[in-house]
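Subject: Structure for your review

Dear colleague,

Please find the structure below, followed by an account of what was found in it. I would be grateful if you would read the two side by side.

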Amino acid sequence: MRLFRSNEILGIAEGALTFALEASRDAHPNEYMGYLRGEEARKLGLDREGLVITDVLVMPGTESNSVSATVKTSTIPNDIRAVGSVHSHPNGVLRPSDTDLGTFQKGTVHIIIGAPYERKSWQAFDRKGNPQRLDVLDVELPEAESFFDFTQADIDEELQDK
């Protein structure tokens, strides 16, 4: 096991971008807000060091309207795989507002998706709000981790032991 890993963001998985675009479209005319997590590129079959954005996390309790989305700070992920945020601008503007810049402080990449939420209707930014190139990568996403690490058979066995 390596003690250090490269935190360079190599790109976003096609499936993660598609999810974010669809979620933004579904939330319209309100803003959409989510957080991004990455996976080591080598685990996805790429022969490079760095991270690929593979997950868009929907935060429970997010409140949104046509000009803002607010996430409860207690729900913001604080794990090693957290890499940034994604949110939509229903007005189509692909520039961060001053409020957006305040949310850009955690993570290294932040994506704004604008109406009409099509393949070219998004832009990535660094934490200072500078536009960043973010490649869309055709990688197979890892299977989603199960929320519960047990099966009905495990429960039945546990009940029989009592």
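Helices (H or I, at least four residues) and strands (E, at least two) are taken as DSSP runs and numbered from the N terminus. In these terms the protein chain reads β-α-β-β-β-β-β-α-β-β-β-β-α along the sequence, with 3 helices and 10 strands.

The model is a predicted one, in which local features need pLDDT of at least 70 and side-chain atom pairs count only at pLDDT 80 or more, while totals for chains, interfaces and linings use all residues. Residues are numbered from 1 along each chain as its sequence is written, and side-chain values use heavy atoms, with hydrogens and water left out.

Confidence

The predictor's confidence in each residue is given as pLDDT, from 0 to 100. Its mean over the protein chain is 82, and 74% of the residues reach 70 or more. Where pLDDT is low, the predicted coordinates should not be read in detail.

Burial and core

A residue is called buried under 20% relative accessible area, exposed over 50%, and partly exposed in between (1.4 Å probe, protein chains only). Of the 162 residues in the protein chain, 38% are buried. The chain exposes about 10300 Å², of which carbon and sulfur atoms supply 50%; accessible areas come from the Shrake-Rupley method with a 1.4 Å probe, and for residues only the protein chains shown count as cover.

A nonpolar core is a set of buried Ala, Val, Leu, Ile, Met, Phe, Trp, Tyr and Cys residues joined through side-chain atoms within 4.5 Å. The largest such core has 28 residues, and Ile111 and Leu134 touch the most other members. At least two residues each are supplied by β1, α1, β3, β6 (82-89), β7 (109-114) and β8, with α1 giving the largest share, 5 residues.

Contacts are counted between heavy atoms within 4.5 Å. Leaving aside residues up to four places away in sequence, the partners of Ile111 include Ile12, Leu36, Val86, Trp122 and Leu134. For the protein chain, 64% of the contacts with a separation of 6 or more join residues 24 or more positions apart.

Ser24 belongs to helix α1 (residues 14-27) and is buried, at a relative accessible area of 0%. Beyond residues up to four places away in sequence, Ser24 touches Tyr32, Ser88, Ile113 and Tyr117.

Salt bridges

A salt bridge here is a side-chain nitrogen of Lys or Arg within 4 Å of a carboxyl oxygen of Asp or Glu; the count by this rule is 7. In one of them, Glu8 pairs with Arg48, with the closest N and O atoms 3.9 Å apart. Glu8 lies in the segment before β1 (9-13) and Arg48 in the loop between β2 (33-40) and β3 (51-57), so this pair ties together parts that are 40 residues apart in sequence. Glu8 is partly exposed at 43% relative accessibility, and Arg48 is partly exposed at 45%.

Asp135 and Arg133 form a further salt bridge, with 2.7 Å between the closest N and O atoms. Asp135 is partly exposed, at 30%, whereas Arg133 is exposed, at 74%. Elsewhere, salt bridges that share partners join Arg42, Asp47 and Glu49 into one network. Within it, the side chains of Glu49 and Arg42 meet at 2.8 Å, N to O.

Yours sincerely
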